[in-house]
Structure formats: structure tokens, C-alpha cells
Amino acid sequence: MTRTPNELRDSRQEKHLFTRRAVVAGVGVLGLLGLLGARMGQLQVTGHQRYMTMSQANRVKLVPVPPNRGLIFDRNGVVLAENRPTFQLLLTPEQIDDMQATLDGLGRIVEISEAELERFRTLARRSRRFQALPLKFRLTEKEVSAFATQRHRFPGVEVEARLTRHYPHGPHAVHAIGYVGRINERELQRIDSSRYAGTSHIGKTGVELQFEERLHGHAGLERVETNALGRVIRPLERVAPNPGQDMYLTIDSRIQRVAEDALEDFAGSIVVIDVRNGDVLALASKPMYDPNLFVHGIDVETYRELQDDIDRPLFNRALRGQYPPGSTIKPFFSLAALQHNIFRPSDRVFCPGFYTIQGVNHRWRCWQRRGHGHMNMEDAMAQSCDVYFYDLAYKLGIDRMHAFLDGFGFGHRPGLGMPGELAGILPSREWKRAHRGESWFHGETIITGIGQGYFLTTPLQLAQATAVLANRGQYRPPRILKALRPLGNGEIRPVAAAPAERSVEVSREEYWKLTFEQMEKVVHGSRGTARSIAADLDYRMAGKTGTAQVFSLAQDQEYDADEIEKRLRDHALYNAFAPADAPRYAIAVIVENGGSGGAVAAPMARKVMDACMALLPAEPESGDDAEDEARHV
């Protein structure tokens, strides 16, 4: 309403207007205050628990604490795998003004490779600036000292100590122990992420992989207070991790080293088993490699060298090497022939240097080209006459051969439980039909009688079969875990050996005795193929030499090692047990391209067996007191 200057002011109307406006404003303020109070009530009462939890989550952070990995010892307490403190160089980016200048300065006092720089830059791009990032692992003491004297020049840089896996003997027993390495993407998919929280390494091969569950332990947790940026302000609570269990293997480091040395520069394997309890005393495979190379990540060039090495040092020959058993299989077939009454010990077979069967235009050669003449079972075993065993196999037949040798474990994984064990091949009609889609031929039966053809065995398998033979048909599963130290308990608890089971039955006990005597003649007989190792032997050894062809010869072709490339020469084999009258140790030796089993493999076995007899106690350590624990292993 527009008022002219001559109009009188209506004070009453103005007062009424003011009062109405004041009431409206008051009601509005009260309404807003009500809404504010209601919201405060919702936050403080109804949503208290929810917002309290969110607040705690922002303020408190759980940090995993990785457990210490269990140690690995040999049967005598020699440390084979341990945890050692190592030093690493850590950089915190937000505390460094000029990163490139810092890296250049560090490079002048610590050797830093391009690969390490690249890895650090990648980490820096993926991480928050306040996080400390590793630039270099395994600093040497000299490098730590050099950095310590100039530390004032490098704000935001520090040296941290942590425990990492270390193998104090380097390549020694590497194929048995294995190694740990950084967890890769594939392993991340299968492991329990809560148990491995904060852990960067995992068992990759050997015992380290086989007993990963026990060696690793359980991670602990630390509750820490953080600020809004996630930076740790102070620790609040700590749940200690459970360390992994310490393990004592059946391996005897002394015997293992003798076996590795005995192989010299040959590629091959030596396995020794205590026939009384199944303890694997040595599991040697050469060439070897240093497992320490893998702990912190092997560089590409070194790994390529190992992979491309023609002698395949990464290959575990003891478990995965599959070779024709050659003549080392003859004692088993001799026993089968006695059991099935194919031959009596005095029966003779004439060896003219070759063997034929009616209706087949093929000659199967004896290794002795001029022939052995008339052979009985003992002579044929001692001189390893092929013709005798061609005839034995032909009359025995592949079905009975397969059934009898199955009880010794041929064609089955030995049961040590280590990753990668192979079963070899024990051929049969069914096996050939399933794998080759073909029928079985007589000629294949004949060459199976001397351990050739499709027949393949691993060194561990051959040693285990020899142990069953020495035990007169009793099968004791091989084992590599002898004892362990439970969590939080310093007491070492032995693991019981598995009970023996009868796996091979023969109708007359004397057949075992006859077979043992035949094998003794191989070593102690005047014409035995391993007689060269009998000199000065103060115990009796029962053994069998073997030679396995790497390639087949034509009918009119002769084998001449001097004319053949080294890698095409025959493999040398030898299996044995001792003492012959009361067996304690069984051994299998396979030397790739070694040539003669009697000249190369048998002397190696003699060295190892001498060490066993001299260093090991006569009575086995059965560990039968810990059967309860064994059930958990």
C-alpha cells in the first residue's frame, strides 16, 4: 500500500503486521530447531552403533604379522633350511623432496640394478606416498655400513631387518629340500588369504612344498591407530603369530653328501633307503642348483641359463627321472621264475650270443656278442646273461611278469608324498592297449625280461623295490619326515614309520635265499659283473649291475661307446642291499650315459654303502613312540 505524505500512520495496523511476522518467524525457527534435534537424536541414539563402527574402522587398522617359517633339519639335527635376518633399503616417497636425486645418490653407495629401479618405480605408482617401499633386498654388511655413515643425506630412506629363508649348504640336497619363492598370481588364487596375510613367500618344490601347511604357521594381527590418511599413529593391540613347525627329515646329510660326491660330474641319481623302517637316507640328483637364487626372485638371465642347461639341473631325477631298469630287474624275474616253477636253479640255457623264437625272423642279442655258453640261474645272474633271461621271460609270459613285479611297487608312485613323483611304467597287455591302442607282441615280452622296451622306473622306485626284495616281500612305504617340533613346545616328537605290509608272496622261503645268493655272486663271485668293488669289502653286498640302452641298435650293428656321442651312450645302473645276510640299506644308482653299470655305477654304490655301514647305527630308529602324531602327518 502506497501512502501519500498527507496520510496519517496507522500504528495499530503496523503493530498487528509486526506481530504476525514475528509469530511466523518464531514458528519457522522452532520448526528448524525441531528438525535439528530430531537429526541429532537419530545420529546419537538410533544410528549410534553404526556410526561408532564406521568411526572405529576409520581410526583402527588391522595389520597382519607374518609367522616365522619352520626350520628344516636332517636326521642328526644339521640345519638344512633356516631363517636369516637380511637388510632391505626402504624409501618413503612423501618424505623425499627430490626422488631422482635421492636414487642417484643411493646408487653411488649401494649397487642398484635397473631391474630393482624399475620394480621400485612400479611399486611407487601403485602405493600411497606415505608407505615405505623396498628398493633393494639383501644388502651386504658393507652396503649397510656405507649407508649408515651417510644416512643424514637421505631423509625418508631407512634400512630394515627382516627374516628370510636361507639354505646354508647351497645346492646340497636341493632336490629333496626344495626352495621357497615369492607367491605368484596362480598361488594367490588357492591359498587362504587370511593365513598368508603379510606373507610374501611360499614353498615351491621338495619338502618346502610338501609340508607347506606345517612349515608356514599362522599369521598374527596388530591393531594400530591411523589418521584420516591411513598413516599409523600408534599400536593398540598385538596377537602374536604362530610360527611354523620345525621338521627333521630322514635324510642323513653325511650320506647325502657322499652320494652327491660319488656321482662326480655325471648326471644321475642315487637313492638310499633303510629297509627296516623305510627311511630315505639320501635322495641325490645331479646336476644341482643353489636354491638361494630363488628366495628373493631369480634374475631372468640366471633362470634362463638354468632352464636352457642341457644337463637340466632343475630336474629332480630321483623322483621324476624315468629310465629303463636294464639288468637290475633280473633278480626280480629270477624270483618270479622260481615261484612259478619256470626254471630250477640248476636248469641250463645255452647262450650263443643271441636268442630266437620259432617263426620270428629276429635275433635278440646278448650283451656278450660271442655268447656265454651254458648258463644256470646263478651264472646267468652273476654274468648278467641276456639270453638266459630272454628265455625266462618268454616262458614266464608278460601276464605273470606284470603281476609279480606289481607287488614290488613297479608301475606305482613310491608313496614318499613329495610333489612330482612319477610312477614309471610296468608294461602289460592292458597298458599297451590303453596307451598305444595296439596288441602285445612276444618280442616285447622278451626285451621286458632284461628291463628294456616300455619298462621304465625311477631311481626312488628302483631303490624301494630293492628294499622290498631285501625285506623278503615286506613293503614299507618310504618316508622322508622323521620328527617334528610342535607349536609352542620345544620337545621333538618322532613320527612313527608306517607298518610293513606283505606285498609279495612266494611259496617257498628258500626262493628268497637263492635269489640273495645269486645277487651276492654278482659282487663276490669270480665272474660277477660287479666283482671290482668286492676288494677289501668287510661286509657282504648283494647287488645287480645294469645297462640301459638310450637308442636301439640294428640287427647287424654293434655298440661302440667310443664311436657314439656321449649323450647317446648307455645309462649305467646298479641296485643292491647290504649286509646280504641281514639287510639294512638298499641303494639304487642311475648314471646317465655312464656306460657300464659294473665299472661306473657299482663303485659309486660301494662308496655310499661304505659310508652307511660306518656312520649309521646298526639299530634303526623306528620312532614307534609317536604313532598318535603320525596320524596327523
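A salt bridge is a side-chain nitrogen of Lys or Arg lying within 4 Å of a carboxyl oxygen of Asp or Glu. The structure discussed here is a predicted model, in which local features need pLDDT of at least 70 and side-chain atom pairs count only at pLDDT 80 or more, while totals for chains, interfaces and linings use all residues. Residues are numbered from 1 along each chain as its sequence is written, and side-chain values use heavy atoms, with hydrogens and water left out.

## Salt bridges

The structure contains 26 salt bridges. One of them joins Glu237 to Arg223, with the closest N and O atoms 3.2 Å apart. Glu237 belongs to strand 9 (residues 232-239) and Arg223 to strand 8 (residues 220-226), so this pair ties together parts that are 14 residues apart in sequence. Helices (H or I, at least four residues) and strands (E, at least two) are DSSP runs, numbered from the N terminus.

| Pair | N to O distance | Relative accessibility |
|---|---|---|
| Lys432 and Glu438 | 3.7 Å | Lys432 0%, Glu438 40% |
| Arg540 and Glu520 | 2.8 Å | Arg540 43%, Glu520 17% |

In the second pair, Lys432 counts as buried, whereas Glu438 is partly exposed. Arg540 lies in the loop between helix 21 and strand 21 (542-548) and Glu520 in helix 21, so the pair ties together parts that are 20 residues apart in sequence. Arg540 counts as partly exposed, and Glu520 counts as buried.

## Aromatic pairs

A pair of aromatic rings is described by the distance of the centres and the angle of the planes. Rings of Phe, Tyr and Trp (its six-membered ring) pair if their centres lie within 6.5 Å; planes under 30 degrees apart count as stacked, over 60 as edge-to-face and the rest as tilted. A search of the whole structure gives 16 aromatic pairs. In one of these, the ring centres of Phe516 and Phe577 are 4.9 Å apart and the planes stand at 65°, so the pair is edge-to-face. It links distant parts of the chain, since Phe516 is in helix 21 (residues 510-524) and Phe577 in strand 22 (residues 571-578), 61 residues apart. Phe516 counts as buried, at 5% relative accessibility, and Phe577 is buried at 0%. Ring pairs also connect Phe332, Phe404, Phe408, Phe410 and Phe455 into a cluster.

## Surface patches

Patches are made of residues with over 30% relative accessible area and no salt bridge; like charges are joined within 9 Å, and nonpolar side chains (Val, Leu, Ile, Met, Phe, Trp, Tyr) within 5 Å. Asp299, Glu301, Glu305, Asp308 and Asp309 form a surface patch of negative charge. Of these, Glu305 lies in helix 12 (residues 300-308). A nonpolar surface patch of about 520 Å² is made by Val29, Leu30, Leu33, Leu36 and Met40. Leu30 is found in helix 1 (residues 11-46) and is exposed, with a relative accessible area of 60%.

## Backbone features

Most residues other than glycine have a negative phi, and most peptide bonds are trans. Lys286 and Pro287 are joined by a cis peptide bond with omega of about 5°; Pro287 is in the loop between strand 12 (280-286) and helix 11 (292-295). A cis peptide bond with omega of about -15° joins Ala578 and Pro579, and Pro579 is in the loop between strand 22 and strand 23 (585-591).

Arg138 has a positive phi, near 50°. Arg138 lies in the loop between strand 4 (133-136) and helix 5 (141-149) and is partly exposed, at 43% relative accessible area. Arg472 has a positive phi near 55°. Arg472 is placed in the loop between helix 20 (459-470) and strand 17 (474-475) and is partly exposed, at 29%.

How values were computed. Accessible areas come from the Shrake-Rupley method with a 1.4 Å probe; for residues, only the protein chains shown count as cover. Lys and Arg count as positive and Asp and Glu as negative; His and the chain ends are not counted. The place of a charge is taken as NZ of Lys, CZ of Arg, CG of Asp or CD of Glu. Buried means under 20% relative accessible area, exposed over 50%, partly exposed in between (1.4 Å probe, protein chains only).
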